[in-house]
Amino acid sequence: MFPRLRRKFVILYTLSTGLIMTIVLSAAFLFYVSSQENRHQSAFQELLFTLTAQLQTDSRFADSFLVQMEKNNRLLIYIEENDTPFFFPGAYKSRTKRDILFSRAEDAARKENIYDDSHPISSNLLQSSVFRIDGEERDTYLGNVLILQTTSGYKKLILLQDISDSQKKLLETGCVYLLINLGGILLLFLSGRWFVGRSLKPLEETYQKQQEFVAAVSHELRSPFAVIQTTADASISNPLEYSHGLSVIQKECHRGSALIKNLLLLVMTDQKEWAVRERKFEIDELLLNLLEMYEPILFSKGGTLSLLLPDAPLPPVSADPDLCQQIFTILLDNAIAYALTDESHANEDACACTQNKRQIILQAEVSSGCLIVRVIDHGPGIPDEEKTRIFDRFYRNDRSRSKKEHFGLGLSIAAALAGIQNLDLHVEDTKGGGTTFSVKFGKRKLCH
């Protein structure tokens, strides 16, 4: 799904931005073409004005003047007086024959009703607009035809200027703009792939985690329902096992209910729907309540729970006491599940050090202006490569997979509850072996 979506976004990004860039470059090129044409026409008009002034003042043209005009300005000049052409072979060598070009210029003038026998009537000057003609060798010219009335009759001027090189330059410039545009589109495509890929990566990871989450939930729910169905079928076929079957069904229902409750907690934290009732409370009072609650549980499992508090009173904290208690409850349950199992101490000698190993410690202290509460156990510990994964949902290391009551959701819930209160939850190794979870209340959380 995501590769196809990525392709669509890249194509859309490339086409949209490429179209904008093409429009901008096209407008820039058209502006350049227009400015070049205006510049050529202005230069041509100045040359035409110079020759017209010469026609009006001089009865004859010097060949040297015409030669210089043609060579310096790439001009073709034809002058006629009273139907008699001025004898001038021309100095500029055009690609197309001069006679053909002058003929085409006269044809262009006829389209403006300026014929060979046309003479000025209302004024002393009859002039065509500046036009463009093409030669036979892919050469292009600007042209103008004018008829000037004189005291002795009239004079006719055909002026052409070769702009073939300018047209070639425009074509080359257009190719440069095209290459820039194609190169820009290619860069947009490559940058689009990188940008879209980077933008979709968090979404893709979220989708992947969601898929894994749904698969894990389905797997976890399948087990209790399968046990319930099997037990119910067995109870129906064997009424003597009815009482035992009900016990098993009740146990699996509690297990399924606990899983659904944890899932709802995670959904609430994901959707920011958890109501955080932050208030000022004494953290040592909360820890004493946890000690009173968990001492019997650890005693029944052959372990002990110790509470270590500093001599100086702990400052009150500003947080949600119920959520904080739930965080510490999860951490204590996790410590009991991992540190007080018979398997984790099967190879230890029955001595005082063994009893110390079965001790879980609740510790609180103020350090660097922050209050830190630790849950310390002396169990098997967590490998370094797994420390970054233990807060993932449904993650369980191999030691706990045999225990069905563990879903791998506790630590992820604790991390979520800490996150919504801006508390830091951290894991590290216990000195001498085991695991220590720390909950840090920052300076802003302390009430003095």
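Tutor: A cavity is a set of points, on a 1 Å grid over the protein atoms alone, where a 1.4 Å probe fits but cannot get out, and its lining residues have an atom within 4 Å of a point. The model is predicted, so local features need pLDDT of at least 70 and side-chain atom pairs pLDDT 80 or more, while totals for chains, interfaces and linings use all residues. Residues are numbered from 1 along each chain as its sequence is written, and side-chain values use heavy atoms, without hydrogens and water.

The lining of the largest cavity consists of Glu-37, His-40, Gln-41, Arg-132, Leu-142, Ile-163 and Gln-167. The volume of this cavity is about 40 Å³, taken as the space filled by probe spheres set on grid points that are joined across faces, edges and corners. One cavity of 30 Å³ or more is counted. Helix H1, residues 2-57, gives the most to the lining, with three residues. Helices (H or I, at least four residues) and strands (E, at least two) are DSSP runs numbered from the N terminus. Sorted by class, the lining holds two nonpolar, three polar and two charged residues. Here Ala, Val, Leu, Ile, Met, Phe, Trp, Tyr, Cys and Pro are nonpolar, Asp, Glu, Lys and Arg charged, and the others, Gly among them, polar.

Now the chain as a whole. The chain has nine helices and 13 strands. Of its 448 residues, 40% are buried, which means under 20% relative accessible area, with exposed over 50% and partly exposed in between (1.4 Å probe, protein chains only). The accessible surface is about 26400 Å², and carbon and sulfur atoms hold 56% of that surface. A contact is a pair of heavy atoms within 4.5 Å. Among contacts with a separation of 6 or more, 66% are between residues 24 or more positions apart.

Several single residues show how the parts meet. Thr-173 belongs to helix H4, residues 164-237. Thr-173 is counted as buried because its relative accessible area is 15%. Leaving out residues up to four places away in sequence, Thr-173 touches Phe-29 and Tyr-32. Gln-149 is in strand S5 and is classed as partly exposed because its relative accessible area is 41%. The C-alpha atoms of Gln-149 and Asn-124 are 4.8 Å apart, although the two residues are 25 residues apart along the chain.

Ser-306 sits in strand S8, residues 304-308. Its relative accessibility is 19%, so Ser-306 counts as buried. Apart from neighbours within four places in sequence, Ser-306 is in contact with Gln-359, Ile-360, Ile-361 and Leu-362. With Gln-359 there is also a polar contact, side chain to side chain, at 2.6 Å. A polar contact is a pair of N or O atoms within 3.5 Å; within protein, one must be able to donate a hydrogen and the other to accept it, and residues adjacent in sequence count only if both atoms are side-chain atoms.

Towards the end of the chain, Lys-445 lies in the segment after strand S13, residues 435-441. Lys-445 is counted as buried because its relative accessibility is 10%. The side chain of Lys-445 makes a polar contact of 3.2 Å with the side chain of Glu-278. Not counting residues up to four places away in sequence, Lys-445 touches Glu-278, Pro-316, Val-317, Ser-318, Gln-421, Asn-422 and Leu-423. Lys-445 and Leu-423 are 22 residues apart in sequence, with 8.7 Å between their C-alpha atoms.

Asn-422, in that list of residues touched by Lys-445, comes just after helix H9 and has a positive phi of about 60 degrees. Helix H9, residues 410-420, has as its buried residues Leu-411, Ser-412, Ile-413, Ala-414, Ala-416, Leu-417 and Ala-418.

Most residues other than glycine have a negative phi. Asn-113, with a positive phi near 65 degrees, lies in the loop between helix H3 (98-110) and strand S3 (125-127). Asn-113 is exposed because its relative accessible area is 56%. Arg-138 is not a glycine either, and its phi is positive, about 60 degrees. The loop that holds Arg-138 runs between strand S4 (131-134) and strand S5 (140-150). Arg-138 has a relative accessible area of 81% and so is exposed.

Note on methods:
On a 1 Å grid over the protein atoms alone, a cavity is a set of points where a 1.4 Å probe fits but cannot get out, and a pocket is an open set with protein on both sides within 12 Å along at least five of seven lines; lining residues have an atom within 4 Å of a point. Accessible areas come from the Shrake-Rupley method with a 1.4 Å probe; for residues, only the protein chains shown count as cover.
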